[in-house]
Structure formats: C-alpha cells, structure tokens
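Please look over the sequence and the model below before reading on. The points that follow are numbered so that each can be checked separately.

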Amino acid sequence: MTSRPKRRWVPPGIETALRYRRAWLLPDLRAGLVVTALLIPAGMGYAQVAGLPPETGLYATVIPLLVYALLGPSRILVLGPDSALAPIIAAAILPLALGDEQRAVTLAGLLAVMVGVVLLLGGVLRLGFVTDLLSKPIRMGYLNAVALLVIISQVPKLLGFGIDAGSPFGQVTDIVRGIAGGQVSPLAVLFGAGSLAVILVLTWLRSPVPGILVAVVAATLATWVFGLADDLAVVGALPRGLPAPALGSLAWADVTALALPAAGIALVAFADSTVLSRTLAARRGESVSGSSEMAAIGAANLGAGVLGGFPVSASSTRTPVAEAAGSRTQLTGVVGALLIVAFMMLAPGVTAFLPEAALGAIVVTAAARLIDVRGFVRLVRMNRLDALLSVAAFLGVLVVGVLQGIAVTIALSLLAFVNQSWRPYRAELGRVAGLRGYHDLSRYPEGERLPGIVIVRFDAPLFFANGGIFDDFVRSRVTAAGPGVHTVILAAEPITGIDTTAVEQLVELDKYLASQGIRLVLAEMKDPVVDTLRSYGVTDRFTPDRFAPTVGTAVDEITGTLRGDLKGTKWDGDGPEDDDARDADGAPG
C-alpha cells in the first residue's frame, strides 16, 4: 500500500479513515465488541461512585469515544469514566447538589465542560509540560489513596447495606458498625464475593472472555431466574433514549465553585492519559503529540459535559483490553459507542436485574489495579526520599480529601524539586593516578588536590534557595585545603542558570576569595549563563580572563604548562589530562 503524506489540518480520525486497510476491519470489530462488555458495567459503576445516576456513565462513555475517534492522536486509546476521577467528581459536585440528583447531573456536566475548556486551552497553548508537576512517586501515592477510597466506598454494596459517612475514616467506622449490628445481607455477599471470584479467576486464567462480562451476565441471569430483584439492591432499569443536553439552571457561582476542581481534574486526567498514550505509541513504534492529546481529551470532555456526562480520561483497564483484542484503530471506540447506544435503545431494562453488589465488585477490581504495591517497594529500594513523598501524598489524600489532595501532591512535587535543587550534589575534584580528567575526591579517596588549586563542582542551577549552600561549600573546601590556595576553579558545566540573588552571592564569594588572595575562575560555563552574567552587569568583575572553556585549560594556564598546540593563545585547546570534570564513567560524579 502506497503511503501518503499526512495532512496537517485533517483530523486524525479522518486521516486514519483515508488510510484504512481492509485487514484491520475484523480486528477492530472484534475489539469493539469485547470492550463494550467492559464499558457498560464500568461506566455505570463509576457513575455511582461519582454520586450520579448509572445512565450518566454511559453518556460519559459514548460521546468521548466518538469525539476522540475523530480528534484523538492515539489509534487505540479508550476514553471513558475512570476510577481515579470518580471520587474527585463526587467531592466537587455533591456538596453543591445538596441531595438533588438532577442538580448533581447538571453540575457534573458543567464540571466536564470546564475540564474540557482547560484542556483545550492547554493544548492550544502547548502546556502539556504541566503534567510534570506530578512526579511518578507522588502520582503513585495519590492513585494508591484514591483506589483505597474507591474500594472503601464499595464495601457496603458488597455487604448489602448503606452508610451515610463522607470521610474515609467515617466510612470505615460505619462499615464496622454495620457488620457488628447484623446489617450484612448474605445474598449481597454471595453476589459480591461470587462476582469478585469470577473476575479474578478468569483474569488469572487469561480467559478470552472478559471476567467482568461473565460476572455481569451471571449475576443478572441469576437475579432474574430466581426472582431476587426484591430481595437485594439492584441498579434498576435505565431510561431509554440517547444522550441529551443537561446544562440547565446554572449560575456563575457554580462556575466559581468548580473552577479549582476542574483544574485539578484536568491535571490528573491528562497526566494519566498522556502516560498511557505514550506507552502505547512507543509499543507500536508511533509518536503522539502531547498538545494534540491534551486538546483531544479536552474536546471529549466538552462533548460529554454538554450531553449529560461527566469528566473522563483514558482508561488504563479498558485500553489494554482493546489492545489485547486486536484493536488497530479508533474504529474500535466507534463500534463500542454504537453498541452502547443500541443497548440504551433496545435493552435498558436489563439492568433492573443487575445486583448492586456485582457492580460494586467490578468497581473494586478496577480500582485495585490502580494500587501499585510492587512499584512502591521498588521505590523504597531505589530512593527513600521519593518513597516518603509517595507516602505523604497517600496520607494527604486520606486525611484532607481527594480535591485538597491534588494540591498536596503538587505542593509535594514542588517541594521535591526545590529540595533537589536546594541541596544538589556537589564535589571537590582532583587528579587520580591512571585516569584522565579531574574526578570527585569523595568517590576516589586516593585522588589528590592540585597544589594551590581547589576545583569544585555544583550540580544544579544557582538560584536564591541554594546560593548560600554553594557559597558555604566553596569556603569549606578552601578551608579544608589549608594554606597556600591561590586559585579556585568552578567546573560550571552543570550550572544551567543563575538568578539575581545567586549572582549577588557569587559576587560576595568572589570578594571573600579575593580578600584571601585567591582568584576565582569559571570553567566550562555555558554561553547562555555567561550571557546572563553579562545582562546582570557583572562582566566588569568577571572579565574574559576569568573564564575558561575547560577545567584542563584553566589548570594549564595556572600551572604554565600549556601544550604546544595552544599556539600562544590563553584558552585555546584542552589540558594534558582531559577537557572535562566528569567521572571516569562519563557521568557527573
């Protein structure tokens, strides 16, 4: 098949349709059928977790699938309601709805529209980098906590009774009281535990038939055949019909109240979606634009909000199922959306026999997949500080709530960044027998300082928070070297920036060293940083002879052992040892 160049302004879905191959059709249809078996119960379950009627979960599935099929850059990403977002949605809208279900639906739609606008603007302005505010360890802690909250919220369904508490600790207390008070329904436990067992066993056996589908069909048939609809809680029949606009009776006060939750949900939704999208693209040898992904997910949320849905993101459970079923393109999502529409039009009454306990089991198994115990254990072994930050994010969500937990996670990420920049790795360098270059003396204790010369390296940009630490470090190395020091060489390659506070501290350090008869030389400083010093007006102090292209040439100039190929110039060429201040393995020490 002859490949054609991509058209820049043609939506990805249209582009895929123009390039569609007949061999993809059967795999896409098969994958769409398989995924639909998960989309329907998962959509209804997550809607209930968000405090909304189950049909809104189907609306929030159909519209995003169709919109993303047209605009999404990933060929097999499946969008829809997500267990990581459902608790945040509930925390945002339920306090404003005050028990009014229709108002909750309206607020959820408004929230989705606002999330869509945030993501669309982010995509247009190319703000995909904001997801870096959630580092992997902190995102892990956040998602582990959210998953635990979802599981706790579903336990009463599995046991067959209801609770009123809102906080996780209150919910656990009410669950214990309910069990102690004899409120447990054996029938609900049978359906809940049975559904869990079916899903887990078939997943473990890698059954070609999804365990969720088997559990839902079996539970529904058993309820219908044995006439149990009056003896245990069921989902109830869904309203027949297509998604319709549901944005009525709103006020600007609602927009204001949902502004911060919308921004937080947009951040979490895009962070999770872009990780999944990039993973799939890399696996398929493709590339995905983060900004295009952001805009497409924004458009999907906008559509969901206008037509009775709620905020959505990429599904980390249904997408792998689509991939395993052989999905080739977004036709899989279109097939899924059309089959859901057919279900809503032809058989909405089936859910009148679907036990709440079975639906709760589906939500629990999906939420459990968010919990990454192995990842946390690996994190503890790799970096204790990152593990502590992950625990802090986990506890932050449990203690202050999912909405405030987003702010906690961002604050922790920024704290981690500041901590790493505030106290970066720093080293004194010297010569090591048998190795070229200048190396970290703490890693090579057999190394030696050069007589009268102290070489230091600071592995971070210089800014207001670490300028003092840099100053103290240099002074401590000069003191440790003892008398006779006449030159300090700063191996400045790792210093990628310097702010006004740090430049003042650099000047103060230079004055201090000069008062001790010591000259400061800046080696390997990047041109943009030199330009910054020039813009700060300190080049009258740090004149051209104070800069060296490499540590080696600085040492050569000082010791007067320039090689013959320097041809008389001050800083032309490398020193006899090497041209950098790196360790023997090439990595900064």
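**Notes on the model**

1. Glutamate 524 is buried, since its relative accessible area is 10%; buried means under 20%, exposed over 50% and partly exposed in between, using a 1.4 Å probe and protein chains only. This residue sits in the loop between strand 7 (519-523) and helix 20 (527-535). Helices (H or I, at least four residues) and strands (E, at least two) are DSSP runs, numbered from the N terminus. Glutamate 524 is not a glycine, yet its phi is positive, about 65°.

2. This is a predicted model, in which local features need pLDDT of at least 70 and side-chain atom pairs count only at pLDDT 80 or more, while totals for chains, interfaces and linings use all residues. Residues are numbered from 1 along each chain as its sequence is written, and side-chain values use heavy atoms, with hydrogens and water left out.

3. Leucine 98 also has a positive phi, near 55°, in a residue other than glycine. Most residues other than glycine have a negative phi. Leucine 98 lies in the loop between helix 4 (86-97) and helix 5 (101-124). Is leucine 98 buried or exposed? With a relative accessible area of 73%, leucine 98 is exposed.

4. For the protein overall, the secondary structure comes to 21 helices and 8 strands. The C-alpha trace spans about 95 × 65 × 50 Å along its principal axes. Of the 589 residues, 51% are buried. Contact means heavy atoms within 4.5 Å. Among contacts between residues at least 6 apart in sequence, 79% join residues at least 24 apart.

5. Valine 255 belongs to helix 10 (residues 252-283). Its relative accessibility is 25%, so valine 255 counts as partly exposed. With neighbours within four places in sequence left aside, valine 255 is in contact with Leu110 and Met114.

6. Which residues have the most contacts inside the largest nonpolar core? They are Leu52, Ile89, Ile93, Leu111, Tyr142 and Leu258, in a core of 64 residues. A nonpolar core is a set of buried Ala, Val, Leu, Ile, Met, Phe, Trp, Tyr and Cys residues joined through side-chain atoms within 4.5 Å. Not counting residues up to four places away in sequence, tyrosine 142 touches Ile88, Val268, Ala393, Val397, Val402, Gly405, Ile406 and Thr409. In soluble globular proteins, nonpolar side chains tend to be buried together.

7. Threonine 223 is part of helix 9 (residues 211-225). It counts as buried because its relative accessibility is 0%. A polar atom of the threonine 223 side chain lies 2.8 Å from the backbone oxygen of alanine 219. Beyond residues up to four places away in sequence, threonine 223 touches Phe191, Leu228, Ala229, Leu232, Val234, Phe353 and Pro355.

8. Helix 6 (residues 136-159) and helix 8 (residues 186-204) pack at about 125°, with axes 6 Å apart. The two helices are therefore oblique to each other: angles under 35 degrees count as roughly parallel, over 145 as roughly antiparallel, 65 to 115 as roughly perpendicular and the rest as oblique. Lys157, Leu158 and Leu159 of helix 6 meet Ala188, Val189, Gly192 and Leu196 of helix 8 in this contact.

Terms used: Axes are lines fitted to C-alpha atoms, for helices over the stretch in contact, and angles run from 0 to 180 degrees between N-to-C directions. A polar contact is a pair of N or O atoms within 3.5 Å; within protein, one must be able to donate a hydrogen and the other to accept it, and residues adjacent in sequence count only if both atoms are side-chain atoms.
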